[in-house]
Amino acid sequence: GPIAVTVLLVVAGAFFFWTIWNRFGLLPKLKSENRFDQVGKRIGALLEFGLGQRRMVDDPLPGLMHIFIFVAFLVVALRTVTMFGMGYSKSFHFPLLGRGEALYGPYYLAWDVVAVLALVGCAYFTFNRLVLKPDRVTRSWEAYFILGMIAGLMLTDMTFEATEMIARSPAQGPLALEA
């Protein structure tokens with residue numbers, strides 16, 4: 001309900017701002033640098049390395065798995081915001097993404113595909129860290145925690161969508177929900 005969603009958002013926002021506030025304390029200690037020179041080169045680097053994930057494709061298989069997870073975050077972020085909106089109104093959706101609207105089918109097909117690919121990426125990186133143990137990969141509990149959080153996000157979102165589909169379907173057989 002709206003109260004639970006509001007509490008979650010306030011707690012998450014407070015934690016975020018507390019974390020950022022502590023990081024801002026480091027800024028005065030850093031060396032000053034002009035970030036407005038070579039604007040074209042900087043935007044090009046942002047597109048190539050930030051959005052294009054250029055460094056990740058230098059090592060093909062891990063790079064591909066990383067791209068799976070990165071793209072999933074881009075696509076799933078919209079669904080995550082939608083779910084928070086649904087906490088206030090069951091019918092909340094972004095324009096063109098509501099049931100029966102123009103982009104509903106294509107978006108949710110893309111969402112299904114990238115969520116599964118993100119799970120494949122998480123499984124690969126977990127296997128890589130536990131079994132293959134390449135030298136360049138550091139082993140820390142944080143890495144497993146992050147992979148678990150990513151997989152958990154994908155699985156809880158899939159579960160939410162599945163329960164929504166069951167709730168919308170006519171009562172049939174052993175999966176029928178009682179009103």
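What share of the contacts in the protein with a separation of 6 or more comes from residues 24 or more positions apart? In this predicted model, such residues account for 58% of those contacts.

The protein has five helices and zero strands. From the N terminus on, its elements run α-α-α-α-α. The radius of gyration is 21 Å, whereas the globule rule gives 16 Å for 179 residues, so the protein is more spread out than a compact globule. Along the principal axes, the C-alpha atoms fill a box of roughly 65 × 40 × 35 Å.

Burial was examined next. Of the 179 residues, 22% count as buried. The largest nonpolar core holds 21 residues. Within this core, Ile-69, Tyr-107, Trp-111, Cys-122, Phe-125 and Met-154 touch the most other members. Two or more core residues come from each of helix 3 (60–86), helix 4 (104–132) and helix 5 (141–168). Helix 4 supplies the largest share, ten residues.

The surroundings of Ile-69 give a local view. With residues up to four places away in sequence not counted, Ile-69 touches Ala-118, Gly-121, Cys-122, Phe-125 and Ile-150. Among these partners, Cys-122 and Phe-125 also belong to the group of core residues that touch the most other members.

The surface and the charges complete the description. The protein exposes about 13000 Å². Carbon and sulfur atoms supply 72% of this area. The protein carries 16 positive and 13 negative charges. The mean positions of the two sets lie 8 Å apart.

Note on methods: Residues numbered from 1 in each chain as written. Predicted model: local features only at pLDDT ≥ 70, side-chain atom pairs only at ≥ 80, totals over all residues. Heavy atoms only, no water. Core = buried A, V, L, I, M, F, W, Y, C linked by side-chain atoms within 4.5 Å. Buried < 20%, exposed > 50% of the residue type's maximum accessible area, 1.4 Å probe, protein only. Helix = DSSP H or I, 4+ residues; strand = E, 2+ residues; numbered from the N terminus. Contact = heavy atoms within 4.5 Å. Rg over C-alpha atoms; globule rule 2.2 N^0.38 Å. Areas by Shrake-Rupley, 256 points an atom, 1.4 Å probe, with all protein chains shown as cover. Lys, Arg positive; Asp, Glu negative; His and termini not counted. Charge placed at Lys NZ, Arg CZ, Asp CG, Glu CD.
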